[in-house]
Amino acid sequence: VHFVISKPRETKLGDFRPAHQGKGVKITVNGNLHPYAFLITTIHEFAHLGCHLKHGSKVAPHGKEWKSIYSEMLHLFVKQNVFPDDLTVALKKHIANPKASSCSCPILSAALSKYDNEEGDLLGMLGPNDQFHFKGEIYQYIQLRRTRILCARLSDGKQYLISSRAKVQPMVTIS
């Protein structure tokens, strides 16, 4: 397995690529993740490898076979008390029915965000019509779409899908 600590990517935390066209298996994990997110993402990607070795490409990438392997692997780390208590509680709930991404699990995503080095709140913690600062612009939350949130940039009305895990600065509203 070629394991690569990659530069930060906006659209994914890690990736699994099976061997093909003479190239071996490759797993990548973003190098900017804090240690707990890095470990969980690494386990997630190695679970893909385990699933691929056991079932080939005949099963869904995040289907019941992958969920079983991922849960077993993650449980080993939880059992060893590798994570702080707040993450352990979130991980136990996550293990019961893991999502395709830690970002897709609101409880785990919120628990992990406490260890991020970035200022702000997770966009996923806001609600419809909330306004926030993101990358120097002001946006309005419109609607959740799976793991991303449809938002409108207020300066021109253009709409964008932004990760629910993006760190934003909510605007304070005075009532």
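These legends describe close-up views of a predicted model.

**View 1. The antiparallel pairing of strand 2 with strand 3.** Strand 3 covers residues 26-30. It is joined to strand 2 by 4 bridges. Phenylalanine 16 has isoleucine 27, in strand 3, as its bridge partner. Strands of a sheet pair through backbone hydrogen bonds, either parallel or antiparallel.

View 2. Just after helix 1 comes glycine 56, with a positive phi of about 70°.

**View 3. The buried residues of helix 1.** Among them are Ala37, Ile40, Ile43, Ala47, Leu49 and Cys51. Thr41, Thr42, His44, Glu45 and His48 are buried too. The buried residues of this helix pack against strand 1, strand 2 and strand 3. They also pack against helix 2 (64-79), helix 3 (85-96) and helix 4 (106-113).

**View 4. The largest nonpolar core, with 27 residues.** Ile40, Tyr70, Leu74, Leu91 and Leu108 have the most contacts inside this core. Strand 3, helix 1, helix 2, helix 3 and helix 4 each give two or more residues to it. Helix 1 gives the most, with 6 residues. Leaving aside neighbours within four places in sequence, leucine 74 is in contact with Ile40, Ile43, Leu91, His94 and Ile95. Another core, of 11 residues, lies apart from the largest one. It includes Leu126, Phe132, Tyr141 and Ile162.

**View 5. Positive phi at glutamine 21 and lysine 135.** Most residues other than glycine have a negative phi. Glutamine 21 has a phi near 45°. It is found in the loop between strand 2 and strand 3. Glutamine 21 is exposed, with a relative accessible area of 78%. Lysine 135 has a phi of about 50°. Its loop runs between strand 5 (131-134) and strand 6 (137-145). Lysine 135 is exposed, at 59% relative accessible area.

How values were computed:
Residues are numbered from 1 along each chain as its sequence is written. This is a predicted model: local features need pLDDT of at least 70, side-chain atom pairs count only at pLDDT 80 or more; totals for chains, interfaces and linings use all residues. Side-chain values use heavy atoms; hydrogens and water are left out. Two strands pair if DSSP finds at least two bridges between them. Buried means under 20% relative accessible area, exposed over 50%, partly exposed in between (1.4 Å probe, protein chains only). Contact means heavy atoms within 4.5 Å. A nonpolar core is a set of buried Ala, Val, Leu, Ile, Met, Phe, Trp, Tyr and Cys residues joined through side-chain atoms within 4.5 Å.
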